[in-house]
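Here is a short report for a reader meeting this protein for the first time.

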Amino acid sequence: RFDEFNRRFAFILHDIKNLVSQLSLVARNAERHADNPEFRADMIATLRGSVGKMTDLLARLAPAADPRPARLEPVALRPLVAALVATRRASHDITLSGNGNHWVMADPLLLEQAIGHLLQNAVDASARAQPVTVRMGGDGKEVTIAIVDQGAGMDSEFIRTRLFQPFASTKDAGFGVGAFEARSLIASMGGRLTVDSRPGKGSRFTIHMAETRPATELLRKSA
């Protein structure tokens with residue numbers, strides 16, 4: 001029980017560190033951009049998202065808390081990804097591109113958590129002047145969500161042996177659980193996560209999920 005609590009607490013500390021980092025950047029940028037209506041809208045979205053995540057963290061700290069199983073349903077990709085980008089755009093330059101008019105069979109909460117981990121890792125790996133890009137696409141069978149940064153990158157040995165191991169990180173103050181948890185969450189929904197990275201060239205993490213139809217179309221087809 002003590003080992004399990006330590007493991008759970010390490011993951012929660014990782015999420016708390018990300019929240020503190022995100023809110024600190026928002027507070028710093030508010031001094032310069034508080035008069036900008038777009039910044040204020042993004043700041044409100046960030047604060048609301050952070051409150052929701054902290055509420056979830058408190059629930060996960062409960063003694064009887066267990067990981068929630070995936071609850072799959074048709075999920076519209078664009079609004080989910082756009083909302084995630086909006087909550088972080090107040091603290092870092094994030095560009096959203098590609099065709100996001102696709103649906104995936106996923107758990108909305110778990111998919112949001114997985115993309116959030118990868119987005120935060122990309123922001124942490126990037127200098128303030130280096131934008132992060134989120135690209136969406138699909139071919140009718142598979143939907144992809146690529147999170148691309150221009151940071152320090154990783155060598156093939158680290159990717160092969162340590163990237164998806166918990167508590168392994170290239171960051172001095174990193175907990176090394178973001179990529180591990182993201183891949184686990186994506187796998188629980190039947191998807192997969194790939195990575196392409198080179199030292200000095202940045203990294204690209206790509207989520208691959210099967211495409212599905214909107215819930216209304218599925219219901220009409222089954223009727």
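The secondary structure of this predicted model comes to 7 helices and 7 strands. Along the sequence, they follow the pattern α-α-β-α-β-β-α-β-β-α-α-β-β-α.

The protein has 223 residues, and 40% of them count as buried. Its accessible surface comes to about 12,200 Å². Carbon and sulfur atoms hold 56% of that surface. Residues 24 or more positions apart account for 74% of them.

**Charged pairs**

Side chains of opposite charge can pair when their charged atoms come close. How many salt bridges does a search of the whole structure find? The search finds 2.

One joins glutamate 142 and arginine 192, with the closest N and O atoms 3.4 Å apart. This pair links distant parts of the chain. Glutamate 142 sits in strand S5 (residues 142–149), arginine 192 in strand S6 (residues 192–198), and 50 residues separate the two.

The other joins arginine 160 and glutamate 157, at 2.6 Å from N to O. Both residues belong to helix H5 (residues 156–161). They are 3 residues apart, so about one helical turn separates them.

| Residue | Relative accessible area | Class |
|---|---|---|
| Glutamate 142 | 27% | partly exposed |
| Arginine 192 | 44% | partly exposed |
| Glutamate 157 | 42% | partly exposed |
| Arginine 160 | 62% | exposed |

Arginine 160 counts as exposed because its 62% is over the 50% cut-off. Glutamate 157, at 42%, counts as partly exposed.

Helix H3 covers residues 77–89. Helix H4 covers residues 108–125. The axes of H3 and H4 come within 10 Å and cross at roughly 40 degrees. That angle makes H3 oblique to H4. The crossing of H3 past H4 is right-handed.

Which residues make the contact? From H3 come Leu80, Val81, Leu84, Val85 and Arg88. From H4 come Pro108, Leu111, Glu112, Ile115, Gly116, Leu119 and Gln120.

**Glutamine 120**

One of those H4 residues deserves a separate look. Is glutamine 120 buried or exposed? Glutamine 120 counts as buried, because its relative accessibility is 3%, and buried means under 20%. Set aside its neighbours within four places in sequence. Glutamine 120 is then in contact with Asn18, Ser21, Gln22 and Arg88. Arg88 is among the H3 residues in the helix contact.

**Threonine 133**

Now to a strand. Threonine 133 lies in strand S4 (residues 132–138). At 15% relative accessibility, threonine 133 counts as buried. Here too the cut-off explains the class, because buried means under 20%.

What does threonine 133 touch, not counting residues up to four places away in sequence? Its partners are Thr95, Ser97, Ala146, Ile147 and Val148. Of these, Ala146, Ile147 and Val148 fall within the residue range 142–149 of strand S5. Strand S5 also holds glutamate 142, the salt-bridge partner of arginine 192.

How values were computed
Residues numbered from 1 in each chain as written. Predicted model: local features only at pLDDT ≥ 70, side-chain atom pairs only at ≥ 80, totals over all residues. Heavy atoms only, no water. Helix = DSSP H or I, 4+ residues; strand = E, 2+ residues; numbered from the N terminus. Buried < 20%, exposed > 50% of the residue type's maximum accessible area, 1.4 Å probe, protein only. Contact = heavy atoms within 4.5 Å. Areas by Shrake-Rupley, 256 points an atom, 1.4 Å probe, with all protein chains shown as cover. Salt bridge = Lys/Arg side-chain N within 4 Å of Asp/Glu carboxyl O. Axes fitted to C-alpha atoms, helices over the stretch in contact; angles between N-to-C directions. Parallel < 35°, antiparallel > 145°, perpendicular 65-115°, else oblique. Left-handed = near helix turned anticlockwise from the far one by under 90°.
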